[in-house]
Amino acid sequence: MEVLLAEHAGFCFGVTKAVDKVYEQIDNGKGNVFTYGPIIHNESVVNDLENKGVKVIESEKELENIREGTIIIRSHGVTRQVYEALEQKGLEIIDATCPFVKRIHNIVAKESANGKIIIVIGSSKHPEVEGIVSYASGPVYVLESPEEARDFTVDAETELCMVAQTTFNYNKFKETIEIFKEKGYNVNIVNTICSATEERQTEAEEIAAKVDAMIVIGGMHSSNTRKLYEICSKKCANTYFIQTLEDLQIDLPKEVKIVGITAGASTPKKIIEEVQNYVRRKL
Ligand code: F3S
């Protein structure tokens with residue numbers, strides 16, 4: 001079986017940095033190490049960290065019982081309120097918020113303070129978007145799709161500022177921009193989709209268009225992996241979403257000669273290699 005492996009598959013630099021920070025704490029022998037939310041959407045990594053004593057804090061409520069220790073903020077960032085709560089507790093904060101996400105916080109805080117209405121293009125329930133929204137001091141709207149953008153109405157003179165979740169689908173973002181332009185809105189658009197995501201999505205789309213079957217590896221809860229799956233499915237009808245090699249029980253049609261592989265930002269190299277070797281040897 002011929003395999004086309006995406007160069008931009010797997011950990012991006014923001015995730016690598018966040019995961020490394022956690023392992024650094026363990027290697028330095030620190031006790032009471034916490035992460036605010038799972039450090040990445042990958043069960044094997046999170047389980048490994050748990051076995052090494054790292055605890056995951058899921059909510060502000062859980063935070064109440066913690067008196068001391070080190071807390072690592074993951075690459076998605078946290079809301080302003082959570083950050084303040086962490087500071088008030090006097091915990092040692094290691095902020096691994098990706099610089100691309102931090103940039104959005106800063107844009108939103110500045111533009112909102114200047115009186116602009118903030119439009120965030122992304123998934124409203126995603127922790128990254130919740131964090132972004134929290135930096136607005138005035139009105140802020142989250143639009144999840146071009147359809148929602150079509151339904152959104154505002155006075156033509158209103159000053160708007162539009163940003164996107166870092167992992168948003170680039171084509172859908174462009175579509176949304178077009179809709180706003182057609183409506184004649186007064187909008188300052190900042191493309192905040194991170195280059196790692198853009199490159200990953202473009203490359204995945206190109207590979208999916210060339211192959212007979214496409215495998216997308218990543219966590220079920222990883223929105224960037226789901227978006228990759230969505231993009232690849234449009235170009236290749238035989239697209240499969242798997243978390244680990246164990247999920248790879250595919251009966252490929254006989255005519256399949258070339259298989260493409262890509263992976264979300266939280267997929268460790270080891271899993272990508274395992275899948276790649278398996279496809280080359282067994283399928
Ligand atoms: Fe950062 Fe982009 Fe990764 S925003 S965490 S480099 S996907």
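Predicted model: local features only at pLDDT ≥ 70, side-chain atom pairs only at ≥ 80, totals over all residues.
Modeller: By class, six nonpolar and four polar residues make up the shell around the ligand, with no charged residues.

Colleague: Which residues surround the ligand?

Modeller: Cys12, Phe13, Gly14, Val15, Ser75, Cys98, Phe100, Thr166, Cys194 and Thr197. Each counts because one of its heavy atoms lies within 4 Å of the ligand.

Colleague: What makes Gly polar here?

Modeller: The classes are set by list, and Gly is placed among the polar residues. Cys is listed as nonpolar.

Colleague: Which helix gives the largest share of the shell?

Modeller: Helix α1, residues 13-27, with three residues. The space that the ligand takes is the largest cavity.

Colleague: How do you know whether Gly218 is buried or exposed?

Modeller: Buried means under 20% relative accessible area. Gly218 has 3% relative accessibility, so Gly218 counts as buried. Gly218 lies in the loop between β10 (213-217) and α10 (223-235).

Colleague: What span is expected for helix α11, residues 269-282?

Modeller: At 1.5 Å a residue, 20 Å is expected for its 14 residues. From first C-alpha to last, α11 reaches 20 Å, close to that value.

Colleague: Which residues of α11 are buried?

Modeller: Ile271, Ile272, Val275, Gln276 and Val279.

Colleague: What does the face turned away from the buried side carry?

Modeller: The exposed residues Lys269, Lys270, Arg281 and Lys282. Exposed means over 50% relative accessible area.

Definitions and conventions: Residues numbered from 1 in each chain as written. Heavy atoms only, no water. 1 Å grid on protein atoms, 1.4 Å probe; cavity = no way out; pocket = protein on both sides within 12 Å on 5 of 7 lines; lining within 4 Å. Sits in = over half its atoms within 2 Å of the grid points. Helix = DSSP H or I, 4+ residues; strand = E, 2+ residues; numbered from the N terminus. Expected span 1.5 Å × (residues − 1). Buried < 20%, exposed > 50% of the residue type's maximum accessible area, 1.4 Å probe, protein only.
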